[in-house]
Amino acid sequence: MATKSEICEPGTENSMVKTLEWTDEGVRFIDQRKLPTEETYVTCTTYEEVADAIRTMVVRGAPAIGVAAAMGIALGARNADAGHVSELRRAFDQICEAMGETRPTAVNLFWAIRRMQQKFEACSELPVDQIRQALITEAQRMYVEDIAANEAMGRHGATLMPASGGVLTHCNAGALATCGYGTALGVIRAAVEAGKKIQVYADETRPFLQGSRLTAWELMKDGIPTTVISDNMAGAMMKQGKIGAVVVGADRIAANGDVANKIGTYTVAVLAKEHGIPFYVAAPFSTVDLETPDGSKIPIEQRSTREVTHIAGKAIAPEGVKVENPAFDVTPAKYVGAIITERGVARAPYEQSLRRLAETVAAAD
Ligand code: MRU
């Protein structure tokens, strides 16, 4: 993995960050583990390196993981030593399997793998080099579609944001979690672009600190007023009347509207309900998993306990203490005021509204 570093100064640059991109050398990522102090880019030149980048959180956030996997598959197919379609298919299957083992909760990963598999099938009569090129083109198309979906979500969701005041978000569902613009942060960006005077409250999001490190970093770059709070301050901020709405992203939305998202989201949703504050989820339709009936069936990734016991390599808990580190939790649908997608806004009962959105577009396709 080739690395290029530059020290960044938050708040000085106003251009949209390039979370990931396809290049002739391979797939290039901003290394999110190093933010906010260092803007470092890594280029993965093999599919194994892309899989590793997903597993180790160089790239993270459900939509970004999906497109990264698609680009990793295209890269692996491009590099595969295959003279015949049968050889390319063997290599391709192995690459898809490796990608599928990186992170279990974000369904966008499996959606992206399936889409690449469908593309392979659709092209399987073509010569090997044309199949390779078709896979690269498909991954690049997914990149462009993701940004367009986020902009559409922004248009649908901006009207739900208050005209002024605080909006709380958890984790990072911004440009860094997608190919650009963001889902939850896309909604906030669109509201700000429409003239709403929003003050973002960013939960720091223990243990990986996506809120304080990433959300604050990218919103400051855009000049959107942002206040970082530790996760345990959210209830107090709500009680003081500082929060008018909550908007978060999602890693998987079950058919009944239950939402898997970063650990701590459930707590925020319960707090929001207690204080009569609307709680919204913004996600592309690739995050909706109609094959999973409810949240209890969503696999929850368990990550290294070291993420909890250490910060920047320094121990913050006694050695040997028992620790749990589920990376996600499930917010029951009853707490979700609306699900904002690029296809429109779904409201309870979600079994019907999500299926209706799925069918409307399927019919239009
Ligand atoms: O573990 P992460 O950082 O990949 O988790 C990210 C989240 O939980 C996001 O909120 C979610 O993926 C939506 S991103 C648009």
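Into which domains is the chain divided?

1. Basis of the note. This is a predicted model, in which local features need pLDDT of at least 70 and side-chain atom pairs count only at pLDDT 80 or more, while totals for chains, interfaces and linings use all residues. Residues are numbered from 1 along each chain as its sequence is written, and side-chain values use heavy atoms, with hydrogens and water left out.

2. Domains. The chain is divided into domain 1 (4-150) and domain 2 (155-364); the bounds come from an automatic or database domain assignment. The C-alpha centres of domain 1 and domain 2 are 24 Å apart.

3. Extent of the interface. In domain 1, 37 residues are in contact with 35 residues of domain 2, contact meaning heavy atoms within 4.5 Å. About 3300 Å² is buried between domain 1 and domain 2, and carbon and sulfur atoms give 56% of this area. Buried area here is the accessible area (1.4 Å probe) that two parts lose on being put together, summed over both. Arg-60, Thr-105 and Asn-150 supply 21% of the area that domain 1 buries against domain 2, more than any other three residues.

4. Polar links between the domains. The count between domain 1 and domain 2 is 1 salt bridge, defined as a side-chain nitrogen of Lys or Arg within 4 Å of a carboxyl oxygen of Asp or Glu. The rule also finds 19 residue pairs in polar contact across this interface, both residues being at pLDDT 80 or more. A polar contact is a pair of N or O atoms within 3.5 Å; within protein, one must be able to donate a hydrogen and the other to accept it, and residues adjacent in sequence count only if both atoms are side-chain atoms.

5. Elements on the domain 1 side. Two or more residues of the side that touches domain 2 come from each of α2 (62-79), α4 (107-123) and α5 (128-158). Helices (H or I, at least four residues) are DSSP runs, numbered from the N terminus. The largest share, 5 residues, comes from α5.

6. Of the 19 residues around the ligand, Arg-60, Arg-103, Gln-210, Asn-261 and Lys-262 come nearest; a residue is near if one of its heavy atoms lies within 4 Å. A ligand oxygen atom is 2.8 Å from a polar backbone atom of Ala-62. An oxygen atom of the ligand is also 2.8 Å from an N or O atom in the side chain of Gln-210.

7. Salt bridges overall. The whole structure contains 17 salt bridges. In one of them, Lys-119 pairs with Glu-138, the closest N and O atoms being 4.0 Å apart. Lys-119 lies in helix α4 and Glu-138 in helix α5, so the pair ties together parts that are 19 residues apart in sequence.
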